[in-house]
Amino acid sequence: MSTFKISSPARIRQARLQILILFQTSDVLKEEIGWNMNTTYTLIKRCIKKGAIERSEPNFMCHAIIPKEEVQEAETTELINKVYDGSADKLFAALLGRKKLSPEEIAKLKQIVNDLE
């Protein structure tokens, strides 16, 4: 499978991201986020045009061609830049301050930080 790049995954609107991440049947999309069939198809067509989704026949089968990790990375970078003034440590502190961590979670986070050094 070839992977196509769009100019910036961070530029995909939230609705398009929901299509990429949820990518389920229209019934699930309708139940979960209130989209009807036409809305779903319109967003899928926009994603196809931008190179984020590939469609094949039969049955309008679609799959994301931008890896989920790439979308997550772009969205995380955008979040850090917009909300935390480009400071990943501010995001990290905010996330850690929201809940009590178990000793296992603390150890895992320490390992992640150690692996970065």
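Is Lys 82 buried or exposed? Lys 82 counts as exposed, because its relative accessibility is 62%. The cut-offs are these: buried is under 20% relative accessible area, exposed is over 50%, and partly exposed is in between, with a 1.4 Å probe and protein chains only.

A word on the model. This is a predicted model, where local features need pLDDT of at least 70, side-chain atom pairs count only at pLDDT 80 or more, and totals for chains, interfaces and linings use all residues. Residues are numbered from 1 along each chain as its sequence is written, and side-chain values use heavy atoms, with hydrogens and water left out.

Now the overall layout. The protein has six helices and two strands. Along the sequence the pattern reads α-α-α-β-β-α-α-α. Helices (H or I, at least four residues) and strands (E, at least two) are DSSP runs, numbered from the N terminus. There are 117 residues in the protein, and 21% of them are buried. The accessible surface comes to about 8,800 Å². Carbon and sulfur atoms hold 53% of that surface. Those areas come from the Shrake-Rupley method with a 1.4 Å probe; for residues, only the protein chains shown count as cover.

Side chains of opposite charge can pair when their charged atoms come close. The whole structure has two salt bridges. A salt bridge here is a side-chain nitrogen of Lys or Arg within 4 Å of a carboxyl oxygen of Asp or Glu. Lys 82 pairs with Glu 78, and their closest N and O atoms are 2.8 Å apart. Both residues sit in helix α4, four residues apart, about one turn of the helix.

The other pair is Asp 85 with Lys 90, at 3.8 Å from N to O. Asp 85 is exposed because its relative accessible area is 62%. Lys 90 has 44%, so Lys 90 is partly exposed.

Where does Asp 85 lie? Asp 85 is in the loop between α4 and α5. Look at its backbone too. Phi of Asp 85 is near 50°, a positive value in a residue other than glycine. Most residues other than glycine have a negative phi.

Next, the empty space. Rolling a probe the size of a water molecule over the atoms shows where empty space is left. The largest pocket holds about 270 Å³. On a 1 Å grid over the protein atoms alone, a pocket is an open set of points with protein on both sides within 12 Å along at least five of seven lines, where a 1.4 Å probe fits; lining residues have an atom within 4 Å of a point. Grid points are joined across faces, edges and corners, and the volume is the space filled by probe spheres set on the points.

Which helix gives the most to this lining? That is α5, with six residues. Helices α5 (88–96) and α6 (103–116) each supply at least two. Among the lining residues are Ile 80, Asp 89, Phe 92 and Leu 116. By class, ten are nonpolar, none polar and one charged.

Last stop, Ile 65. Ile 65 sits in the loop between β2 (61–64) and α4 (68–83). Its relative accessibility is 4%, so Ile 65 counts as buried. Cys 47 is 18 residues away in sequence and 9.9 Å away in space, C-alpha to C-alpha.

Key:
Ala, Val, Leu, Ile, Met, Phe, Trp, Tyr, Cys and Pro count as nonpolar, Asp, Glu, Lys and Arg as charged, and the others, Gly among them, as polar.
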